[in-house]
Each structure stands twice: as C-alpha cells, then as structure tokens.
Amino acid sequence: MIRYHNAKIMTMNGSTAVTEGELWTEGSVIRYVGRQPAVLPEFEREIDLGGNLLMPSFKNAHTHSAMTFLRSFAEDVPLQTWLFEKVFPYEDRLTPDDVYAFDRLAILEYLASGTTAAFDMYFFPEASAAAFSEAGMRLTFCGSISGTAKDVDRLNDQFRKFRHFHPLVSYRLGFHAEYTSDESLHRAVAKLAQAEKEPVFTHISETKKEHEECIARHGASPAQYLDSLGLWEYGGGGFHCVWFDEADRAVFKKKGLWFVSCPCSNAKLASGIAPLTECAEEGVQLALGTDGAASNNGLDPFREMYLGTVLQKLRKNDAAALPAAELLKAATVGSARAMGLTDCDVLSEGRQADMIVIDMKAANLQPAHHIPESLVLSGDRMNVKMTVCAGKILYENGVYTNGIDADAVRRDCASRIARLTQ
Ligand SMILES: [Zn+2]
C-alpha cells in the first residue's frame, strides 16, 4: 500500500468540504480515507503531502486529443474557413502513427494539469488506445461516425472491439453530429443503443447556424429531434449544447443526459455561451471538456472552470450566477460519471485512486479562505504537484514518472507536423 498523509483532503463525496487526514491506496484502489488511526499497517511508500490538497483528478469529458498537431496553426479566422480550409484537409493526411504521437503530446499536457481521463472523439481508436494505456491514463473513446445508416456497422464493430479492450480503455456509442449525418444514421444508432442498452453522445447545438438548420430540416431542435427517435433511452449526452433552450434542457433533465460544456472553445470560435446557470438551477447534469487543442487552445481544466463560471456571471449580469464550486464538481465528479467512469469519481474506500495533489503553498492560492472556489477562480494548472491514475503516480513535481520521454515526444511530433503541414 501507498500512504498519502499530512494532507488536506477534499473527497467530493457529496460535498466540497476539506478535512485533514490521510489516504491509502492498494494497487488501483483506495483502501482508506480519514484521520490517522492509532495503529498503522506496513506501507511500500509513505508520502508526506506537507499540508497540500488531495482531491479527485480532472476528467476531460470532451476532447479530440490528437488535434494537438493543429494548435495555433490558424488563428483569428472565421469558424467555417478555419474548419474547411485549416482543419479538414490536414486531418485527411493523418496516419494511425501520427494520431498515436499527437495523443502522447496531449497526454503530457493532461497529466501536468491533473487530468487522468479523456472522453476522446477522433480517428484510429487502436492508436489512441495504445497511447493512453501505455501512459497509464484512461481513455473513453466516443464513436464519431457521420454519413448514413450503413456507417453504423463501423460504429458497432468499434463498440464490440473497444468496450472491454483494456482496464484503462472503454467505449461509448456516438456520432459526429446531426448536421453531418442523415436520419437513417440517427435511427440506426438509436436502434443499436436500445439493443445494447447503451448511452449515446454527439456534438449538439454548438453553433446557432447548425441549431437553426436542424429546426428547418426536421421541425425540431437537435435535442428534441434526436429524442423523438428514441436515441437516449439508456442515457448519454451532448457536447457543447450552446444554443439549448428550456425545452432542450427539459429533454436532458428527463432522460438524465450529460450536458458537456466547453466554454473556452465556444468563446474562441465565437459560438456562444452555453446556459450553464439554467442547467444548474433546473438539475441538468453538468460535465466539462476542452474540445480539441486547435479550437481552445489548451487542454487545461483550470481555464475551463474559470471561464465556465465567469462567463455565466457576465451573461446573467449577476456576480452570484453559477457558483464556482459547481464548475469544480463538473470538471471532476460530473465528467467522470458522464464518461461512465463511475468508480473514478470521488475519493472513498473501494473507488479507483484517480487523484491529484495541489500545491496549497503556491502564492496564487494564498490565503486559503475558500479552497474549492479558490481552485476555480485563482487556481492554475501549474499548481498540480502530482497526478495519480488507477493508483499509479504518473506525474510528480514536474517529472513524468510513467516512462514517457517528454523530449522524445516533442521531437517526434515536430517532424510529423512539419510533414503534415508542408
Ligand atoms: Zn468536439
């Protein structure tokens, strides 16, 4: 067992209360959380956290990890130009080995900013499964098919191959978006989800244009149209949800769907500000994602949490709108549950040890009046001292301890990017 002691602990098990104590892990599992008992067992390693904060790790509930290769490639251009001239043609050139390499670049950033799981939508799931599992990180791969009903065979094949692929790798049914597929695909995915009793995820109502075009095509918003086809009989959710109205949120509330928000990407691409305040008030479940590094540009949960709350205050013209702690819950517990990682959500006995240590001595976190709010409003990814996934320490004090050679990853990516963008 490994003992993490002399810690402040925020278990996030029902509240964001912070207590003093210790936590023990055995293999991938948390064996004890609480005050120091009178008698201690033998430990393989004892880590004195020096009063720093132990809390659940972040989970990135919407990303395209390998898009790291297009970070800062085209900036300050309109969305359609960016997507059709600066993203799609270059993505067409990617090989599985490229995706593996660019996933590893993303993993360096995830681990250094306290993220232990990615809900990833991209090409070549085999390559991503290898990159994440070798690095000790969790990957929930989300289906991203587009087209017509015949494309659902590929989704079904991937689902069968990856649903129980590796202890760190899982799969969720999904398709790219309503506007990149036709009704035959939507009906076939709904049928598959019902047969398998599985949740379904998709990009939804990210831009006003796509939201309104769906209404023109189907006489209903994307959420109401897809719900009418029986897509979400076993749950799931949507990525972005920027243009959701009350009726759309009611669908998500009724079906227990996850509203996965990506505030930085939505701001950068001028897509809009999602109605997170209304979701929190109405009991719609919230999760947070970064989207890909080309549209964000970071893979940084702290920026998402910060923008997630302050944009609501601005949008509602109310400094009390959407309390900061709601974003902390969305980025950790909410995102874990959205991805199906229900045993990786909070710090309690029997749960997976997916957790981070925050440097509470950092100047930007002093004084520690209200720790959860301070993490959201004052926190920074540089405050992450340690990242643990499935009980393994993958990152500690600026060093990757999972065998990944950060310099080699950067060199490999640089030569691939030169080839792809020439
Ligand atoms: Zn996306």
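**Overall fold and domain layout**

Among contacts in the chain between residues at least 6 apart in sequence, 74% link residues at least 24 apart, a contact being two residues whose C-beta atoms, placed from the backbone, lie within 7 Å. The model is a predicted one, so local features need pLDDT of at least 70 and side-chain atom pairs count only at pLDDT 80 or more, while totals for chains, interfaces and linings use all residues. Residue numbers start from 1 along each chain as its sequence is written.

What does the chain look like overall? With 422 residues, a compact globule would have a radius of gyration near 22 Å, and the chain's 21 Å agrees with that (taken over C-alpha atoms; the rule is 2.2 Å times the number of residues to the power 0.38). Buried residues account for 53% of the 422, where buried means 20 or more other C-beta atoms within 10 Å of the residue's own. There are 15 helices and 17 strands, counted as DSSP runs (H or I, at least four residues, for helices; E, at least two, for strands).

The chain splits into domain 1 (2–56 + 344–400) and domain 2 (59–338), with bounds from an automatic or database domain assignment. Between the two, 24 residues of domain 1 touch 25 of domain 2. On the domain 1 side, α14 (371–377), β15 (384–389) and β16 (392–396) each bring at least two residues, and α14 gives the largest share, with 5. By class, that side has 15 nonpolar, 3 polar and 6 charged residues; Ala, Val, Leu, Ile, Met, Phe, Trp, Tyr, Cys and Pro count as nonpolar, Asp, Glu, Lys and Arg as charged, and the others, Gly among them, as polar.

Note on methods
Buried ≥ 20, exposed ≤ 12 C-beta atoms within 10 Å, placed from the backbone.
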